[in-house]
Amino acid sequence: MTLDGEALEQLRKRARSGGADKYHAANAAKGKLFARERVALLVDEGSFVEDGLYANALAEGLPADGVVTGTATIDGRQVCLMANDSTVKAGSWGARTVEKIIRIIERAYGAGVPMVYLVDSAGARITDQVDLFPGRRGAGKIFWNQVRASGSIPQVCALFGPSAAGGAYIPAFCDVVALVDGNASMYLGSDRMVEMVTGEKTTLEAMGGAKVHTAESGVGHFLCKTEADALDVVKTYLSYLPANWTQAPPAAPAVAASAKADLAALVPASERQAFDMRRYVKGLLDEGSFFEIQALWAKELTIGFGRLDGQVVGVVGNNSMFKGGVLFVDSADKATRFVQLCDAFNVPLLFLSDVPGFMVGSAVEKQGIIRHGAKMITAISEATVPKICVVVRKAYGAGLYAMAGPGFEPDATIALPTAKIAVMGAEAAVNAVYANKIAAIADEDERAAFVAAKRAEYEQDIDVVRLASELVVDAIVEPHDLRTELVRRFAAARTKDRHFSRRRHGVTPV
């Protein structure tokens, strides 16, 4: 087949136009952009270089085989990307679709640049299953490549529509996923399939909508109102990370902390009074730099990126505003994955501890709190980036371990003047040791005096000055000096030896 210039231009125009006008109109009615519009909004103008434009060009109604792939720059930094075109067979996968996705991930991994997934796909085309599903270059190779690239290059997904069946694993293997509320969904089986197999009547939104995955399942990380918001998440996320695991995170001009933040005033003296760790984090970091991740899920733990004097840090903080800051199964998982993410991409870790410990009780034991807690402590142990533990108010029990306490080789354990480190809080300890004696004291005033005296003894035993004198903590720092102390200590730890263990990899706890 010989093409002249005009014929080639017509072929190119058809490939770039996507599906029929009615599908474009249907998407627009839902507030959805065309795949190529999403790409144009995300990347630097004029930087996109497309690959595989003519995939399946000889077939009728399959322009580019329903997926846009190529390279571009975002804020001047190179990336690879794919974008499902939902105007073409609902963004479903054919054999050429799969091959294009495999190739662009392989290119990202080979070049050591981030991979961006703009997902809006109904899943595999059942009519093409033999060609796209089982082979060595079938759909499984997409996930194999994602796993190989994990921790080597950043992988970020923005989800604009469905991500169905096996295709749901593309977001699952990404570092973070931004979902557009009302349109995005992830599910292994459709609502019709669920009813057929299990008898359950449900809807895609109730089973796998954006709110479900960002607030309940934890598979999603950002709930976005609009597609532009989701694309902004992609840009912001990448701005905190290096191009690949061999590089340092990109520095930014230093910005002072907010002048309005009074860190001392933010933390109540009483352990029973909650405070919002997110406000504390924002007051400690460079103003406007905190980028919270998974804000709607397992809210008793706050995680996210920020900057200290222009340098990127990852923050893990207990938030007593939610469930008293106690660690549950979900919050342990949340911390585990974020710590591994930071360690993979050379992001120093700042732990802000106000933790009563891990939750107890039959419900959490049946959920596997020991197993999930062990995974969190494993991640803390294995993390070799600079890590600093700040005991903001308390660190009790195994919560101290999970928040990078002294036994886990932090580069420093810093205590604020009101900090407490103990196996348990004073009230629980006194009740544990003296329960029978307390119960035997009939006089109410005498009982209260006895308890108060024993609590005072316990508080003296765990006094922060004693902990410093025993070298349990490395420094006692006033709240207004904490930021400066952290900047200096992270700078000193930047060149640390990051070897951990003589092995290929560990074995995930139970």
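**Note on the salt bridges**

1. The structure holds 22 salt bridges. A salt bridge here is a side-chain nitrogen of Lys or Arg within 4 Å of a carboxyl oxygen of Asp or Glu. Side chains of opposite charge can pair when their charged atoms come close.

2. On the basis for these points: this is a predicted model, where local features need pLDDT of at least 70, side-chain atom pairs count only at pLDDT 80 or more, and totals for chains, interfaces and linings use all residues. Residues are numbered from 1 along each chain as its sequence is written, and side-chain values use heavy atoms, with hydrogens and water left out.

3. Lys32 pairs with Asp120 in a salt bridge, with 3.0 Å between the closest N and O atoms. The pair links distant parts of the chain, 88 residues apart. Lys32 sits in the loop between helix H2 (21–29) and helix H3 (35–42), and Asp120 in strand S4 (residues 115–121). Helices (H or I, at least four residues) and strands (E, at least two) are DSSP runs, numbered from the N terminus.

4. Lys32 counts as buried because its relative accessibility is 9%. Asp120 counts as buried at 1%. Buried means under 20% relative accessible area (1.4 Å probe, protein chains only).

5. A network of salt bridges links Lys32, Arg38, Asp120 and Glu227.

6. Asp354 forms a salt bridge with Arg393 (3.1 Å, N to O). Arg393 lies in strand S13 (residues 387–396) and Asp354 in strand S12 (residues 349–355), 39 residues apart. Both Arg393 and Asp354 are buried.

7. Asp354 also forms a salt bridge with Lys394, the closest N and O atoms being 2.7 Å apart. Lys394 is buried at 4% relative accessibility, and Asp354 at 0%.

Technical notes
Buried means under 20% relative accessible area, exposed over 50%, partly exposed in between (1.4 Å probe, protein chains only).
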